[in-house]
Amino acid sequence: MVSPVPADSRAADGPVLDEAQTVADLVVARADDAHTAIVSEHGSCTWSELVEAAGRRAALLTSLRVDGPFNVGVLLDNSPEYIELLCGAALSGATLVCLNSTRRGDELAADINHTDCQLLVTDGAHAALLDGLDTSLSNDRVLLCDSTAYAAALDSVAPAASSPVAPDDLYLLIFTSGSSGAPKAVRMTHGRAVRAADSLLCGRDDVPYCAMPLFHGNALNACFFPALGVGATIALRRRFSASAFLDDVRRHGCTYFSSIGRVLNYVLATPERHDDADNPLKLVLAPEASARDMADFERRFGCPVLAGYGSSENAVILLPAPRSAAGALGVAPQGEDIAVVDPDTGQECPPAEFDSNGRLLNAEQATGELVGRNALGRFEGYWNNPDASTERSRDGWYWSGDLAYRDRDGVFWFAGRTSDWIRVDGENFPTAPVERILEQFHGVRTAVVYGVPDVRNAEDQVMAALQLHDPAQFDPGEFRTFLAGRADMGTKWAPGFVRVAADLPVTGTNKVDKRAMRSAAWCTSDPVWWRPDRRAETYVELVDADVEGLLEQLRSNRPGVELQPEP
């Protein structure tokens with residue numbers, strides 16, 4: 001993504017980035033760098049101090065290596081230790097497995113076992129998550145980084161020099177968010193990481209605010225790698241806190257912040273202050289944020305917000321769209337052949353057509369999967385998952401798994417995941433255009449649209465989950481009037497069910513968990529309003545007797561379709 005970082009602010013480190021072929025090269029280049037590398041609640045350290053610490057970790061990991069893939073799992077929140085291990089793994093030639101610290105139980109055990117971890121570095125708090133789990137790791141293969149034994153082991157070894165590594169050697173395994181299926185371990189080589197470090201996002205004097213989890217590609221690609229490439233200072237926070245956001249930015253002089261999921265929404269929910277715009281931020285990256293949240297954030301904090309798009313596998317990237325296309329995914333970079341393709345035919349979908357009211361007229365025809373037709377060389381596959389790798393790379397193209405449509409100006413618009421198609425009365429349409437409309441209803445912080453089973457036939461009904469500042473203020477009649485007045489609302493798009501909540505379930509990367517809501521449908525403890533008849537003038541509250549009646553019809557008319565009620 002493009003940022004306002006002056007080109008000359010990176011000039012001093014140009015040779016480092018030009019000559020580096022591996023992350024180990026980037027780390028070694030910082031060995032004599034006295035510039036501050038990390039500031040956090042733990043204090044600060046220089047890059048030279050960080051490299052020395054990384055060398056000790058490289059030596060320790062190497063001393064404990066056994067036969068098999070040199071895969072080292074990390075189960076930690078953001079901390080200097082995490083960054084020292086990222087650098088240490090690069091020096092030792094290990095592959096660091098970035099385990100999602102929000103996973104629990106059998107799912108966490110499956111991640112560890114699937115990625116063939118021969119060592120695991122964690123701390124006392126996270127080690128408790130391993131109790132009773134069936135993993136292939138014995139106790140002596142789990143290192144507690146906050147223990148005296150770990151500190152003694154590091155003191156007993158001399159910092160290691162860089163082991164021989166090549167650009168094509170595997171450096172990281174990063175799990176996808178799991179928003180549309182079981183998480184997959186994305187392969188990242190040293191070469192791809194070095195390309196991420198050569199970014200216009202970050203100059204030597206910049207201070208990226210790293211509050212997104214380091215187990216996710218967002219924090220790595222937008223904060224850690226660019227900062228390592230130029231020797232910038234990383235302001236590190238253990239876990240994101242909306243209430244601490246502005247104080248952190250001011251305290252550390254943060255110049256940019258990269259967010260994911262609903263993070264802007266959380267920040268905007270904090271009490272507004274008259275001096276919010278008095279801050280050093282130059283840029284905020286907010287892929288997946290709503291157009292309204294982006295505009296509100298710019299107004300309140302006085303800095304530009306860019307969206308853009310990048311798949312977890314980093315194969316398809318879209319640059320921020322023009323300001324006239326607020327809320328869009330973005331536009332294709334020069335030389336990139338990115339298209340919207342019908343997955344059944346392999347044919348490119350026609351451009352989206354809109355009427356004078358902005359209503360999408362050909363949603364079914366214009367919506368397809370976002371595909372990079374010359375991007376496959378950047379896809380490095382998944383660990384030990386050939387079927388998923390093949391699915392992503394069929395026909396010599398990279399298939400993103402995201403639905404989109406493109407307008408006649410070449411601007412791409414998000415339409416949902418491939419699981420987000422809804423079919424009502426024989427008409428197929430994606431969810432994202434409906435969400436963009438519902439988010440304009442007053443009081444709504446987030447609108448999520450998904451299909452739930454139609455209890456009468458094999459199609460869907462539209463369900464919306466609305467996160468409101470005050471759920472008690474939801475007026476069903478006013479909502480119905482709002483829908484009726486929207487000329488851009490498709491004839492089948494109006495929700496049959498409306499879930500009203502103060503909070504919505506999210507994944508470990510702050511993305512709304514549609515899978516959980518889709519599985520529960522109307523079986524939730526949150527208030528739900530519905531139209532028993534689609535032609536009804538207003539919505540009525542769904543009560544227990546209604547839920548039982550719907551479930552009875554579902555069992556009778558659609559045997560085999562089961563819901564998973566929320567606790």
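The following paragraphs treat the nonpolar cores, then the aromatic pairs, and finally the charges placed over rings.

The model is a predicted one. Its largest nonpolar core contains 96 residues, of which Y171, L172, F224, F225, F245, F257 and F297 touch the most other members. Helix 9, spanning residues 217–230, supplies the largest share of this core, with 9 residues. Beyond its neighbours within four places in sequence, F224 is in contact with I83, L86, C87, Y171, A219 and I234. Another core, of 35 residues, lies apart from the largest one and includes F429, V434, L438 and V500.

Aromatic pairs number 23 in this model. In one of them, F441 and F482 have ring centres 5.2 Å apart and planes at 50°, so the pair is tilted. F441 belongs to the loop between helix 15 (432–438) and strand 22 (444–453), whereas F482 belongs to helix 16 (residues 476–484); the pair thus links distant parts of the chain, 41 residues apart. Both residues, F441 and F482, are buried.

The rings of F474 and W529 also form a tilted pair, because their planes meet at 50°, with centres 6.0 Å apart. Since F474 is in the loop between strand 23 (460–468) and helix 16, and W529 is in strand 25 (residues 528–530), this pair ties together parts 55 residues apart in sequence. F474 counts as buried because its relative accessibility is 8%, and W529 is buried at 18%.

Ring pairs also join Y209, F240, F245, F257, F297 and F301 into a cluster.

Turning to charges, K184 lies over the face of Y382, 5.5 Å from the ring centre. R373 lies over the face of W397, at 5.7 Å from the ring centre.

Note on methods: Residues are numbered from 1 along each chain as its sequence is written. This is a predicted model: local features need pLDDT of at least 70, side-chain atom pairs count only at pLDDT 80 or more; totals for chains, interfaces and linings use all residues. Side-chain values use heavy atoms; hydrogens and water are left out. A nonpolar core is a set of buried Ala, Val, Leu, Ile, Met, Phe, Trp, Tyr and Cys residues joined through side-chain atoms within 4.5 Å. Buried means under 20% relative accessible area, exposed over 50%, partly exposed in between (1.4 Å probe, protein chains only). Helices (H or I, at least four residues) and strands (E, at least two) are DSSP runs, numbered from the N terminus. Contact means heavy atoms within 4.5 Å. Rings of Phe, Tyr and Trp (its six-membered ring) pair if their centres lie within 6.5 Å; planes under 30 degrees apart count as stacked, over 60 as edge-to-face and the rest as tilted. A charge sits over a ring if NZ of Lys or CZ of Arg is within 6 Å of the ring centre and within 35 degrees of the ring normal.
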